[in-house]
Amino acid sequence: HPLLQSLQILIEDNLSFFSSRPSPISRRFAAAFTTLRSHGRHLGPALRHLYQVAPSFDLDEATPGNGYRSLIQ
C-alpha cells in the first residue's frame, strides 16, 4: 500500500536523524519513531481486512456509502 510505504520511509528517515543526535529529546523522538515503526508493520493486515469488508457496508452496489474506503485511501 503506497500510504504505508510512505509512512515507513518517513519513519526510517526520522529515526535515522534523531538516533544520531545526543540530546535527551532526540532519544525520546527516536524511541517514539521506533514504536511507530513497530505499530506500522501491523497496519498492512488491518487495511487489507478493511478493504475486504468495506463493500458489506455500502448502501447498495452503486452507492459506496461508508467511511471505510476513506480510511484506507
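## Exercises around a phenylalanine cluster

The charged end of Arg-21 lies over the ring of Phe-17, 3.9 Å from its centre. Keep that contact in mind as you work through this predicted model.

**Exercise 1. Find how many aromatic pairs the whole structure holds, and classify the pair formed by Phe-17 and Phe-18.**

Let's start with the search. Across the whole structure, three aromatic pairs turn up.

Next, take the geometry of Phe-17 and Phe-18: the ring centres are 5.0 Å apart and the planes meet at 85°. Planes over 60 degrees apart count as edge-to-face, so the Phe-17 and Phe-18 pair is edge-to-face.

**Exercise 2. Decide whether Phe-17 is buried, partly exposed or exposed, and do likewise for Phe-18.**

The cut-offs come first: buried means under 20% relative accessible area, exposed means over 50%, and partly exposed is in between.

Phe-17 has a relative accessible area of 39%, so this residue is partly exposed. Phe-18 has 16% relative accessibility and therefore counts as buried.

**Exercise 3. Classify the ring pair of Phe-18 and Phe-33, and work out which parts of the chain it links.**

Here the ring centres are 6.0 Å apart and the planes are at 10°. Planes under 30 degrees apart count as stacked, so Phe-18 and Phe-33 form a stacked pair.

Now place both residues. Phe-18 belongs to helix α1 (residues 2-19) and Phe-33 to helix α2 (residues 24-40); they are 15 residues apart, and the pair links distant parts of the chain. Phe-33 is buried too, with a relative accessible area of 16%.

Stepping back to the rings, pairs link Phe-17, Phe-18, Phe-29 and Phe-33 into a cluster.

**Exercise 4. List what Phe-18 touches, leaving out residues up to four places away in sequence, then describe the setting of Ser-26.**

With those neighbours set aside, Phe-18 touches Ser-26, Phe-29, Ala-30 and Phe-33.

Ser-26 is located in helix α2. Its relative accessibility is 8%, so Ser-26 counts as buried. Beyond its neighbours within four places in sequence, Ser-26 is in contact with Phe-18 and Arg-21. That brings us back to Arg-21, whose charged end sits over the ring of Phe-17.

Notes: Residues numbered from 1 in each chain as written. Predicted model: local features only at pLDDT ≥ 70, side-chain atom pairs only at ≥ 80, totals over all residues. Heavy atoms only, no water. Phe/Tyr/Trp six-rings, centres within 6.5 Å; stacked < 30°, edge-to-face > 60°. Buried < 20%, exposed > 50% of the residue type's maximum accessible area, 1.4 Å probe, protein only. Helix = DSSP H or I, 4+ residues; strand = E, 2+ residues; numbered from the N terminus. Lys NZ or Arg CZ within 6 Å of the ring centre and 35° of its normal. Contact = heavy atoms within 4.5 Å.
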